[in-house]
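Please find below my notes on this model, arranged as numbered points.

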Amino acid sequence: MLDQLRKELNDLDETLIELLEKRFKVTEQVGAFKQRENMVVLQPEREAEIIERIAETLAESEYSTYIIEIYRSIFEQSRSQQSKYVK
Ligand SMILES: C=C(O[C@@H]1C=C(C(=O)O)C=C[C@H]1O)C(=O)O
């Protein structure tokens, strides 16, 4: 039982990792764009817009608080990644 559930989690983690890698590839390009255009990394309105969309999508979900927290952490990491390009 536990083995089966953990196998399921391992498979899901593989999918999540693939998607996160794709997302970081895109945020890296956003960082390069910001450098060219002299833009700052942090865009609070954009982050608020994403959180709002997620909250709407997950309105009925008991997991929305967890997922929103995960997104806040993703934003933090993608800002840190973009700081390599933009000062
Ligand atoms: C990716 C961007 O840079 C930052 C990171 C964001 C993200 O990870 O989605 C959103 C807004 C910015 O604070 C962006 O400006 O779109």
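Predicted model: local features only at pLDDT ≥ 70, side-chain atom pairs only at ≥ 80, totals over all residues.

1. I begin with Ser 78, which, once its neighbours within four places in sequence are left aside, is in contact with Arg 23, Phe 24 and Thr 27. Ser 78 belongs to helix H3, and because its relative accessibility is 6%, under the 20% limit, it counts as buried.

2. The contacts of Ser 78 form part of the packing of H1 against H3, in which Leu 20, Arg 23, Phe 24, Thr 27, Glu 28, Val 30, Gly 31 and Lys 34 of H1 meet Tyr 71, Ile 74, Phe 75, Gln 77, Ser 78, Gln 81 and Gln 82 of H3. The two helices pack at an angle of about 45°, and their axes are 9 Å apart; that angle makes H1 oblique to H3. The crossing in which H1 passes H3 is right-handed.

3. How does the span of H1 agree with what its residues should give? With 35 residues at 1.5 Å a residue, H1 should span 51 Å, and its end C-alpha atoms are 50 Å apart, which agrees. The buried residues of H1 are Thr 27, Gly 31, Ala 32 and Lys 34, and what covers them includes H3.

4. H3 itself has 19 residues and reaches 27 Å from its first C-alpha to its last, close to the 27 Å expected at 1.5 Å a residue. Its buried residues are Ser 64, Ile 68, Ile 74, Phe 75, Ser 78, Gln 81 and Gln 82, and since they cover an arc of only 130° around the axis, they are on the same side of H3. These buried residues pack against H1 and H2, whereas on the other side of H3, Thr 65 and Tyr 66 are exposed.

5. Glu 47, Ile 50, Ile 51 and Ile 54 are buried in H2, and seen down the helix axis they fall within an arc of 95°, so they line one face of the helix.

6. At what angle do H2 and H3 pack, and how far apart are their axes? The angle is about 155° and the axes are 10 Å apart; angles over 145 degrees count as roughly antiparallel, and the two helices are therefore roughly antiparallel to each other. H2 passes H3 in a right-handed crossing, and the contact is made by Glu 47, Ile 50, Ile 51, Ile 54 and Ala 55 of H2 with Ile 67, Ile 68, Tyr 71, Arg 72, Phe 75 and Arg 79 of H3.

7. Not counting residues up to four places away in sequence, Val 41 touches Lys 34, Arg 79, Gln 82, Ser 83 and Val 86. The C-alpha atoms of Val 41 and Ser 83 are separated by 6.9 Å, although the two residues are 42 residues apart along the chain.

8. Asn 38 is also found in the loop between H1 and H2, and at 72% relative accessibility it counts as exposed. Its phi is positive, about 55°, although Asn 38 is not a glycine. Most residues other than glycine have a negative phi, and a reader checking the backbone after H1 may wish to look at Asn 38, which follows that helix.

Methods: Residues numbered from 1 in each chain as written. Heavy atoms only, no water. Buried < 20%, exposed > 50% of the residue type's maximum accessible area, 1.4 Å probe, protein only. Helix = DSSP H or I, 4+ residues; strand = E, 2+ residues; numbered from the N terminus. Arc of directions from axis to C-beta. Axes fitted to C-alpha atoms, helices over the stretch in contact; angles between N-to-C directions. Parallel < 35°, antiparallel > 145°, perpendicular 65-115°, else oblique. Left-handed = near helix turned anticlockwise from the far one by under 90°. Contact = heavy atoms within 4.5 Å. Expected span 1.5 Å × (residues − 1).
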